[in-house]
Amino acid sequence: MTVQYSELIQPERVHGSLYTDPSIFAEELERIWYRTWVCVGHVSEVARPGDYVRKNVAAQDVIMTRSADGEVGLLLNRCAHRGNLVCEDRRGNSSSFRCPYHGWTYRNTGELLGYPYNQGYGGKNKLELGLGRVPRVDIYQGFVFASFAAEGPTLKEHLGAAAGELDRLARLSPEGEVELTAGWLRHRAKANWKLLVENETDGYHPQFVHGSVFSVTGSPIGALYSDKSTAVTRDLGGGHSENDLRPEFRRAARPMGWFGTSEARVPDYVAKMRALHGEQAEEILIEGAPHVMVFPNLFIAEISVFTIQPTAVDETVQNVTAVQLKGAPEMNRRLLSQCVGSVGPAGMLLADDSEMYERNQRGMAARRPEWLDIRRGVGRERIDENGFRIGAANDETGMRGFWAHYRGLMEEGAAQ
Amino acid sequence: MSSLEPGEIERFLYREARLADEHDYDGWEALWTDDALYWVPAGGPDVDPESQMSVIYDNRSRIRTRISQLKTGKRYSQSPPSNMRRLISNVEVVAVEGTDTVAEANFVLVESRERGTTLWSGRATYRLRRVEDDIRLAYKKVVLVNSAEALSTLAFLI
Ligand code: FES
Ligand SMILES: [Fe+2]
């Protein structure tokens, strides 16, 4: 029986089966994960020719490579002979991959270079085989995206307004570039991937789920999501959403306040930014980094970058690393330290988010009331000066944007 | 020679393990020196914690924050707390440096919570310091056997 997504996804509620039904998960892989643009990593992870690192797009094991001429490519980790993994190491540097099973070798761009005992194939260079390649690879602000669909919207079209948020992150570097060179924590949660996506820009939970750490550190973050906050939740279209905290940061008007520090603590960085940007530096240093969820799997939470990898209907791996800003060593130490304290399996923030995803998944085993409510703030949404729908800091505007886009993809996919 | 008597190291390690297993947060925190470092690497045993992500990389002040958070009772990833017990074995002294003794030990820890039962294991390095009549912990590094894999939430004291 085909799933009627328009029945399961309504403007103010979504059906619980969307998180628990394995057949829906299987359809999501085809219609979202192996079709739309998915963030795989960042070019700085393969900085030099020959560098490679293993990545995932849902269940697909992918090798991100840098070829001799500097191109970043995505190869599928599956030997063209009989399907063995050709690359077992998580990262390294090599111009070729040699499958350990029968010794076939491939260039790091995927072409078959050779096979042992070649008379069995009638000699050398007789086979038109190679490693699978992800059909479309594109890069924005150094973030590497994969699409398994040979045709479809371009990355620029997919990112839409979210591209501006990646720009906003990159401009915090005195050299205009983000680097993701601090390695990734990999955090496993027994929960459907959409619970993570929805939580990333849910401004309703921080005061409750993270009250424990806010109270002991005296953190001002909770207040940014309170009922008095002037911050907004924005539906950026395309399933992307953000918590725009800039109204609060502008009100405080403290350079580096977004990072919980003052300019005196990072004088070299602030000086470099002022020299580079002149008067505009104040705005950049006050507004700070974005808090944006890029559909379906890239989440930037100011100082941390996450990629979401679904592994089963009820299991997801969340990868996370610290934002590093090229040309800002003074900031990078602090960014790493704050990020390590906050995220991952023992993080003072994310461990509790992950506990909530898991309890959420278990809760949905109960048969009633069947639906999850996403109506918060429906009655107080507005359209901002750029035409985007915005809600209050703790409204579910982002979730509604996510579901509208999800529904479109799932229905179009069925029609194909 | 070690300033610690035979058996003292094991007694300390067993006590530290019990305080962690039983969520005796104050008792556990009191073991640490002021220059404490509590480190759980990610991605392998020798990844540089000053430039790379770690699961935990706490100085003394962050240990205090971590403990204070647990004590609020609203650290949901440990509220309710995990039930757990760990075994410590294969204890070896690897260095004696002034008042400090560096020891290593293997551990196996079984954690039970509603999510399910999780088996954690690895090798820990401890820097123990004789402070008057007492022994204190200046450094603990916990290398999980699965540090390079995706990990479940680990919000208890490891
Ligand atoms: S499976 Fe790779 S060489 Fe045979
Ligand atoms: Fe959260």
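This is a tutorial dialogue on reading some features of a predicted model.

Q: How many residues of chain B are in contact with chain A?
A: Contact means heavy atoms within 4.5 Å, and here 33 residues of chain B are in contact with 40 residues of chain A. Buried area is the accessible area (1.4 Å probe) that two parts lose on being put together, summed over both; for chain B and chain A this is about 2800 Å², with 54% of it on carbon and sulfur atoms.

Q: How many salt bridges are there between chain B and chain A?
A: Side chains of opposite charge can pair when their charged atoms come close. The rule for a salt bridge asks for a side-chain nitrogen of Lys or Arg within 4 Å of a carboxyl oxygen of Asp or Glu, and between chain B and chain A it counts five. One of them joins B:Arg115 to A:Glu358, whose closest N and O atoms are 2.9 Å apart.

Q: Which atoms coordinate the iron ion (ligand 2)?
A: Donors are N, O and S atoms within 2.8 Å of the metal (3.2 Å for Na, K and Ca), and water is not among the atoms, so sites may look incomplete. In this model the iron ion (ligand 2) is coordinated by A:His205 (NE2), A:His210 (NE2) and two OD atoms of A:Asp353, at 2.0 to 2.7 Å. In sequence the donor residues follow the spacing H-x4-H-x142-D.

Q: Why is the arrangement around the iron ion (ligand 2) irregular?
A: Four donors count as tetrahedral if all angles lie between 85 and 135 degrees; four count as square planar and six as octahedral if opposite donors are over 155 degrees apart and all others between 65 and 115; anything else is irregular. The four donor atoms here subtend angles of 54 to 147°, and the arrangement is therefore irregular.

Notes:
Residues are numbered from 1 along each chain as its sequence is written. Chains are lettered from A and ligands numbered from 1 in the order in which they are written. This is a predicted model: local features need pLDDT of at least 70, side-chain atom pairs count only at pLDDT 80 or more; totals for chains, interfaces and linings use all residues. Side-chain values use heavy atoms; hydrogens and water are left out.
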